[in-house]
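Me: I have a structure open and I would like to go through it piece by piece. Could you help me read it?

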Amino acid sequence: MNPKYNRVLLKLSGEALEGKDEILDAEKVKNVCAVIKKCADEGVSFGIVIGGGNIWRGRQGLSVERTKSDGMGMLATLINSIAISDALIKQGLDAKVLSALDVQKLAESFSAEKARSYLDQGKAVVFACGTGNPYFSTDTGAILRALEIKADIILSAKNIDAVYDSDPKLNPNAKRYTNITYSDIISKELGVVDFSACCMGKENGMKMLVFGLNDPENIYRAVMGDDLGTVVE
């Protein structure tokens with residue numbers, strides 16, 4: 001069976017990859033990257049955005065001025081991006097980190113042309129530091145990068161298996177959505193994707209699949225078009 005999608009933007013939750021007592025669980029990272037390599041062997045090219053919530057969440061803990069806090073969050077994504085790229089290379093898939101911030105000793109500077117060129121060469125590209133600007137989340141960064149690399153879909157892998165109308169961990173009667181629109185996410189204030197990202201996704205017709213990362217093989221199932229998670233359009 002051939003993959004349903006040829007080029008994807010994989011959005012990974014930082015929290016979904018954290019260990020019990022560590023910012024990253026080495027086995028989780030290894031397993032996720034092994035599945036990405038498996039998909040790449042089927043001809044799927046990957047742009048990857050990973051959040052930084054396992055390291056820094058600006059709305060929790062210390063009170064830090066917003067622009068500084070967002071900068072700390074960007075640096076958190078850089079740490080995760082370097083770890084993911086290293087794990088991909090160890091799996092046999094060449095990977096490049098492109099950063100929206102100027103950190104040349106750690107990553108190359110981002111440009112859409114460079115990203116598409118690397119993807120065309122069969123390399124995975126990990127996008128670090130969001131959009132490079134405060135007040136924008138990695139959700140918005142993921143949609144922006146997906147549009148720039150002309151991805152077929154955003155695969156949003158989270159620590160929850162779908163979109164619900166409330167937290168299923170707190171409400172056993174939470175309604176699970178199979179399909180939902182960006183407009184519904186905004187109007188119902190579901191919070192699975194932030195407002196700015198929803199507006200950008202809606203305006204540009206970028207399809208998204210939200211699914212759980214509890215089983216890394218779900219990434220493979222997603223690119224093959226299996227029925228899982230919630231489709232957002």
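**Strands, helices and a few residues**

Reply: Strands here are DSSP runs of E of at least two residues, helices are runs of H or I of at least four, both numbered from the N terminus, and two strands pair if DSSP finds at least two bridges between them. Please keep in mind that this is a predicted model, in which local features need pLDDT of at least 70 and side-chain atom pairs count only at pLDDT 80 or more, while totals for chains, interfaces and linings use all residues. Residues are numbered from 1 along each chain as its sequence is written, and side-chain values use heavy atoms, with hydrogens and water left out.

Me: ok, and in strand 4, which residue is the bridge partner of Leu98?

Reply: The bridge partner of Leu98 is Glu108 in strand 4.

Me: what is the order of the strands in the open sheet?

Reply: The nine strands of this open sheet follow the order 4-3-5-2-1-6-10-11-9, and their pairing is mixed. Strand 4 (108–109) and strand 9 (179–180) are the edge strands, each pairing on one side only.

Me: Is strand 6 mostly covered or mostly uncovered?

Reply: Strand 6 (residues 153–158) is mostly covered, with six of its six residues buried, where buried means under 20% relative accessible area, exposed means over 50% and partly exposed lies in between, using a 1.4 Å probe and protein chains only. Ile153, Leu155 and Ala157 are buried on one side of the strand, and Ile154, Ser156 and Lys158 are buried on the other.

Me: and how many bridges join strand 6 to strand 1?

Reply: Five bridges join strand 1 to strand 6, and the two run parallel; within that pairing, Lys11 stands opposite Ser156 in strand 6. Strand 6 is also joined to strand 10 (residues 208–212) by five bridges, again in parallel, and Lys158 has Gly212 in strand 10 as its bridge partner.

Me: switching to helices, which strands does helix 2 lie across?

Reply: Helix 2 (residues 66–90) lies across strand 1 (7–12), strand 2 (45–50), strand 3 and strand 5 (124–128), and runs at about 165° to strand 5. Such angles run from 0 to 180 degrees between N-to-C directions, with axes fitted as lines to C-alpha atoms, for helices over the stretch in contact.

Me: what is the phi of Cys129?

Reply: Cys129 has a positive phi of about 70° although it is not a glycine. Most residues other than glycine have a negative phi. Cys129 lies in the loop between strand 5 and helix 4, and at 0% relative accessibility Cys129 counts as buried.

Me: last one, how far apart are the axes of helix 4 and helix 6?

Reply: The axes of helix 4 (residues 138–148) and helix 6 (residues 195–204) are 8 Å apart, and the helices pack at an angle of about 25°. That makes helix 4 roughly parallel to helix 6, since angles under 35 degrees count as roughly parallel, over 145 as roughly antiparallel, 65 to 115 as roughly perpendicular and the rest as oblique.

Notes. Contact = heavy atoms within 4.5 Å.
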